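Me: I'm new to reading structures, and I'd like a close look at one part. Could you walk me through the aromatic rings and what sits around them?

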Amino acid sequence: MVLDDEARILADLQIQRLVASNYQPEFTAYGKAVAIQPLLALRSQYRTALAEHKSAAARFNLAEQGIKRQQDLYHHDIASKRSLQNQQSQWQTDKAQLDAARFRIKAIYDEALLSWGGALTDWALSPDSDKLAPFLSGRQILLQVTLPANSYLADDVKEIYIEPAGVRGRARKATRISAAPQSDGVVQGESYFFQADGDRIRPGMRVAAWIARQAEDRVGVMIPKSALIWHLGQAFVYIKTGNDRFSRRPVTHFSAAADGYFVSAGIDPGEELVTIGAQMLLSEEMRGQIPDEDDD
């Protein structure tokens with residue numbers, strides 16, 4: 001269509017020269033912020049069990065030394081058989097307590113592993129680990145995100161984007177920690193733990209997540225949302241093709257992105273796109289197709 005200078009000024013058209021852009025297709029998932037108090041409780045139990053094991057090991061070592069002395073004394077007819085039997089009884093008691101302490105340590109570790117996975121278990125139970133400190137201070141929040149059924153998280157995708165209100169333009173990064181051993185009871189999909197900045201997110205809150213489908217970027221152009229218009233169920237944009245000429249072009253391969261729409265086919269870098277005023281151009285084009293009442 002042709003639009004003269006006066007009409008262009010009245011329409012206040014804004015035009016942008018397009019540049020090549022890379023984009024990763026995404027899918028949406030949902031998750032929740034997880035309270036770490038149960039993990040901290042397991043850490044406390046684990047440390048208590050370690051202390052009990054240390055004490056039991058010390059008592060057992062003494063019992064080991066004691067029974068060796070009693071056996072030596074008994075063999076030299078210095079100690080009585082009853083004395084040796086008492087020492088053997090003490091040795092068995094101390095060994096049973098040591099075995100029980102070892103079992104408790106393993107039981108707590110296995111419980112953490114089944115509930116929280118290997119990475120978070122190591123963070124909580126390793127004696128020299130301080131990786132839970134940011135969660136305790138509130139600087140970081142733990143998230144569990146469950147993927148839709150038949151979706152998967154590619155191995156090389158280490159970051160996703162999350163936002164409590166579901167607004168993609170305000171989403172922030174979350175870093176992958178590990179797979180979660182237990183899935184969400186509602187959504188039947190794979191589940192993963194992530195960590196993100198704790199600002200504005202509190203335990204129990206739900207979050208929306210945007211996850212890359214693949215590591216490789218697709219090449220195309222990014223257009224603002226204002227450039228895309230709809231007519232008869234079809235999406236269109238207007239491209240400036242001359243000083244006063246504009247062409248309406250259908251758009252079929254596009255994906256919603258944080259900054260607008262990513263178009264992978266049909267529009268080329270270097271072309272001039274109408275970003276403001278496309279709806280007015282469509283109205284002018286449609287009006288030009290209506291026959292004049294004075295025409296025979």
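Predicted model: local features only at pLDDT ≥ 70, side-chain atom pairs only at ≥ 80, totals over all residues.

Reply: Now to the rings: the structure holds 6 aromatic pairs. One of them is F60 with W91, a tilted pair with 5.7 Å from centre to centre and 45° between the planes. F60 belongs to helix α2 (residues 37–75) and W91 to helix α3 (residues 81–125), so this pair ties together parts that are 31 residues apart in sequence. How covered up are these two? F60 counts as buried because its relative accessibility is 13%, under the 20% cut-off. W91, with a relative accessible area of 23%, is partly exposed.

Next, take W123 and F135: their ring centres are 6.3 Å apart and their planes meet at 35°, so this pair is tilted. It links distant parts of the chain, with W123 in helix α3 and F135 in helix α4 (residues 133–137), 12 residues apart. W123 is buried, at 14% relative accessible area, and F135 is buried too, at 10%.

Rings can also gather in a group here: W230, F254 and Y261 make up one aromatic cluster.

Finally, look for arginines above rings. R168 lies over the face of Y161, 4.7 Å from the ring centre. Over at F236, the charged end of R248 sits above the ring, 4.5 Å from its centre.

Note on methods
Residues numbered from 1 in each chain as written. Heavy atoms only, no water. Phe/Tyr/Trp six-rings, centres within 6.5 Å; stacked < 30°, edge-to-face > 60°. Helix = DSSP H or I, 4+ residues; strand = E, 2+ residues; numbered from the N terminus. Buried < 20%, exposed > 50% of the residue type's maximum accessible area, 1.4 Å probe, protein only. Lys NZ or Arg CZ within 6 Å of the ring centre and 35° of its normal.
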